[in-house]
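Here are my notes on the side-chain contacts, in the order I went through them. Have a look at the model first, then read on.

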Amino acid sequence: MRTIKRQVMKTIGLLALLVMPAFLQAQKTEKTDWYNKDLQKDGSFGISADKAYQEILKGKKSTPVIVAVLDGGVDTTHEDLKSVLWQNKLEIAGNGIDDDKNGYADDLRGWNFMGSAKGNVEFDNIELVRVLLRDMEKFDGKDSNQVRKAELPALRAYQKNLRIYNQKKRKAEQEYFMLYSVKKTVDSLIAFTGKEKPTLEDFKAVNPTSKQQEQIKKLILVNMKASKSDDFQDFYEQELARGVKYYYEQLYYHLNMAYNSRTIVGDNYQNSYEKSYGNLDVMGPDAEHGSHVAGIIAADRTNNKGIRGVADHVSILAVRTVPNGDERDKDVANSIIYAVDNGAKVINMSFGKSHSWDKEAVDKAVQYAMKKDVLLVHAAGNDNKNLDLERVYPNRYFGNGKTAQAWIEVGASDAKNDKTLKASFSNYGKTTVDVFAPGVDINSTVPGSLYKANSGTSMAAPVVSGLAALIRSYYPSLTAVQVKDIIMKSVVKVNQDVEFLVEGKKVKMPFADLSISGGIVNAYQALKLAETYK
């Protein structure tokens with residue numbers, strides 16, 4: 001087996017070594033809300049929200065709309081969010097009593113389905129691990145001659161999942177130990193500077209004392225040049241330290257079969273229809289992702305602070321559903337039902353996974369939302385995959401062959417109207433993804449009343465949720481299905497090819513073939529169209 005040192009040496013000069021997955025990166029960018037801009041007027045392929053406010057909505061009356069953010073938590077103290085948070089007026093704060101008798105005591109801002117009086121879940125496995133553990137007792141070590149004919153499909157699925165798991169674990173081990181070794185060497189170089197946080201010039205001035213140090217220094221400088229970064233500390237923290245942390249979490253939580261977070265929650269996990277569990281802490285241990293999503297939808301447009309969300313007159317209902325790992329179907333189902341029962345007209349779901357433990361429970365919750373006239377907006381995912389060929393969960397497809405009509409699947413687009421318009425990481429699908437929306441370098445709210453630019457379909461989905469809320473706010477008589485219809489029909493069509501990598505090879509494809517609508521959502525066109533609906 002090759003040593004870590006040899007792995008690092010072989011990787012010297014490869015720009016991919018220190019590149020994190022795109023959806024995890026905090027991109028360096030000018031701090032603007034370009035997603036609100038207009039292509040013709042401003043040069044960025046935004047959704048023309050500012051233009052819509054100036055030319056269509058000025059002076060119009062609106063009705064408050066509740067948007068549920070099903071995520072990892074929302075910072076309820078943020079300067080740009082606290083004025084737009086939902087408040088349960090039927091609950092008396094802090095009395096420990098379920099005043100509104102909905103099964104959730106003191107749910108003033110929403111609910112957390114990943115906690116209890118013991119605390120909160122922060123990390124969890126990916127669903128693949130949980131499915132494998134479930135099937136392992138029945139199929140581990142068996143071949144097709146040792147199971148009944150009716151069980152053959154399940155055996156093959158188990159064997160395939162085990163192969164996928166082993167591949168993921170091997171990759172995580174290789175990347176973690178490689179990055180850890182690189183970081184250790186970089187730390188030794190930093191020590192020579194005598195500074196806790198050296199600059200790029202400080203780092204360049206270091207004279208390596210070994211061949212390994214020399215090669216690692218060269219690797220860092222090549223990577224920094226490729227990423228157009230001149231801030232050594234930012235590069236170190238975002239690319240290297242963050243990379244080590246990312247793969248550590250994969251190994252010790254996401255892919256760890258011995259790790260079980262559910263003991264914290266204390267529910268009967270086998271009962272998918274159990275509802276009264278959790279706690280009132282909607283921020284949780286890490287509210288960055290959910291706060292970022294909430295800000296894109298509804299950050300205060302009137303306070304002259306930070307950013308402006310897509311929608312005004314919106315209340316954000318925070319429902320903590322997603323850990324650092326894969327969300328659980330039971331929590332997703334209960335979160336959807338909770339959001340619907342508390343008046344949400346739009347539900348944002350910036351999460352997804354490749355496997356499902358109990359799709360039936362989620363399907364029933366989605367069907368409930370459909371009956372209650374709620375629009376569900378879901379991020380397509382960040383694996384650069386064609387969803388026409390493979391499914392992600394949750395999705396709009398029911399086991400009986402029917403589909404959720406008020407469901408929008410969202411891919412991510414970039415700011416320039418050229419061959420890079422499709423975000424490099426975004427999933428796509430001519431029959432499965434509905435629309436694209438801005439999802440690269442999106443500046444939004446993060447905990448501590450701070451702001452940060454992130455990229456992902458997780459950012460594109462709330463752009464669409466904000467637009468849907470805007471339509472429902474100013475045209476409250478429209479149904480969820482009508483709102484989806486308006487969003488689909490009002491996209492700005494893109495009649496050019498885009499280029500991106502598929503399995504390492506550059507491909508060219510018409511942007512129109514990446515989604516059902518073939519375009520980017522547009523608030524101005526959508527609101528003009530909404531005027532015509534009666």
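Which residues form one aromatic cluster?

1. Tyr104, Trp111, Phe113, Tyr277 and Tyr338 do. Before going further: this is a predicted model, where local features need pLDDT of at least 70 and side-chain atom pairs count only at pLDDT 80 or more, while totals for chains, interfaces and linings use all residues. Numbering runs from 1 along each chain as its sequence is written, and side-chain values use heavy atoms, with hydrogens and water left out.

2. Aromatic pairs come to 18 in the structure. Rings of Phe, Tyr and Trp (its six-membered ring) pair if their centres lie within 6.5 Å; planes under 30 degrees apart are stacked, over 60 edge-to-face, and the rest tilted. Tyr176 and Tyr248 have ring centres 6.1 Å apart and planes at 55°, so they make a tilted pair. That pair links distant parts of the chain, with Tyr176 in helix 5 (residues 152-193) and Tyr248 in helix 8 (residues 232-254), 72 residues apart. Helices (H or I, at least four residues) and strands (E, at least two) are DSSP runs numbered from the N terminus.

3. How accessible are these two tyrosines, Tyr176 and Tyr248? Tyr176 is buried at 10% relative accessible area, whereas Tyr248 is partly exposed at 34%. (Buried is under 20%, exposed over 50%, partly exposed in between, using a 1.4 Å probe and protein chains only.)

4. Arg134 lies over the face of Trp357, 5.1 Å from the ring centre, and the charged end of Lys422 sits over Phe500, 4.4 Å from the centre of its ring. The test is NZ of Lys or CZ of Arg within 6 Å of the ring centre and within 35 degrees of the ring normal.

5. On to salt bridges, 32 in total (a side-chain nitrogen of Lys or Arg within 4 Å of a carboxyl oxygen of Asp or Glu). In the one between Asp124 and Arg328, the closest N and O atoms are 2.8 Å apart. Those partners sit 204 residues apart, each in a loop: Asp124 between strand 4 (119-120) and helix 4 (127-139), Arg328 between strand 5 (314-320) and helix 11 (329-341). Both are buried. Asp124 and Arg328 also belong to a salt-bridge network with Glu127, Arg130, Asp329 and Lys353.

6. Lys419 and Glu499 form another salt bridge, with closest N and O atoms 3.8 Å apart. Lys419 is partly exposed at 47% relative accessibility, and Glu499 is partly exposed at 24%.
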